[in-house]
Amino acid sequence: KAPGSLAGRRVLVTSGPTHEPIDPVRYLANRSSGRQGHAIAAAAAAAGAAVTLVSGPVSIPDPVGVSVVRVETAREMLAAVEAALPADLAVFAAAVADFRPAEARAAKIKKDGSGPPPLALTENPDILATVAGLTAGRPRLVVGFAAETDTVIDYARAKIARKGCDLIVANDVSPEGGVMGGASNTVHLVARDGSVETWPTLDKDEVARRLVAHFARTLCAP
Ligand code: C5P
């Protein structure tokens, strides 16, 4: 197999935000555009992999040559991910909502003069940690993302241990950096042994191609 090729490999990618319903017309969400995750799915397909992309609600087109499963909530995303396994490589680029409204109301919440309603939250399943912790059928390479606004690398090192994944792609999403929704990204690759590789600011498509080449080399290593 040529270095950088993913021919014959199965790849799973999550991308985009999740929407967590409050009532039939409202939801909690975040600013993820899905651009980096979709670019990784496209780059993996271009490298020869059979790719399933599990995507939250996004406004960008489906990547070519990729099987796309659309979901809304974190729980739907977990179910779709489990259904898409097994895979050789799993890349969790989605910005999954950590919390969802404890109860999605069946009817639209009304402004009835008694003040704002309480909004109780409950924790969503952690999809990355669930897959990284599989004893049977764990993908050989499990990659997480860390979007932070400060001390990006320290958080990534802690995260890799907590989540049980093999690699974290960390990026700074402070508003001044413009990563969320933007076209470029500055990433740090943090490995299990704590080592860090920092890349220059690159177009998200180029980040995706380089990540895919990196993953392919890792999968080829004995
Ligand atoms: O804990 P945090 O949300 O910062 O971790 C980010 C990483 O974990 C990303 O790879 C994201 O896709 C994944 N994640 C997940 N399920 C969650 C929360 C985060 O897969 N519920």
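Here is a short chat about the predicted model shown above.

Visitor: What should I know about the model and its numbering?
Guide: This is a predicted model, where local features need pLDDT of at least 70, side-chain atom pairs count only at pLDDT 80 or more, and totals for chains, interfaces and linings use all residues. Residues are numbered from 1 along each chain as its sequence is written.

Visitor: What is the strand order in the open sheet?
Guide: Strands here are DSSP runs of E with at least two residues, helices are runs of H or I with at least four, and both are numbered from the N terminus. Two strands pair if DSSP finds at least two bridges between them. β5 and β13 (196-198) each have a single partner strand, so one side of each is left without a neighbour in the sheet. With eight strands and mixed pairing, the order is β5-β4-β1-β6-β9-β10-β12-β13.

Visitor: Which residue in β4 is the bridge partner of Val11?
Guide: Strand β1 (residues 10-15) and β4 run parallel, joined by six bridges. β4 itself covers residues 50-55, and five of its six residues are buried (20 or more other C-beta atoms within 10 Å of a residue's own; 12 or fewer is exposed, in between is partly exposed, with C-beta atoms placed from the backbone). The partner of Val11 is Val51.

Visitor: And which residue in β6 is the bridge partner of Thr14?
Guide: β1 also pairs with β6 in the parallel sense, over four bridges. In β6, the partner of Thr14 is Phe92.

Visitor: Which element gives the most to the shell around the ligand?
Guide: The shell holds 15 residues, the closest being Phe92, Val96, Ile127, Leu128 and Gly144 (near means a C-beta atom, placed from the backbone, within 6 Å). Both α3 (127-132) and β9 (141-148) give two or more residues. The top contributor, with three residues, is β9.

Visitor: Where is the proline of the cis peptide bond with Leu85?
Guide: The cis bond joins Leu85 and Pro86, with omega at about 10°. Pro86 is found in the loop between α2 (74-84) and β6 (89-92).
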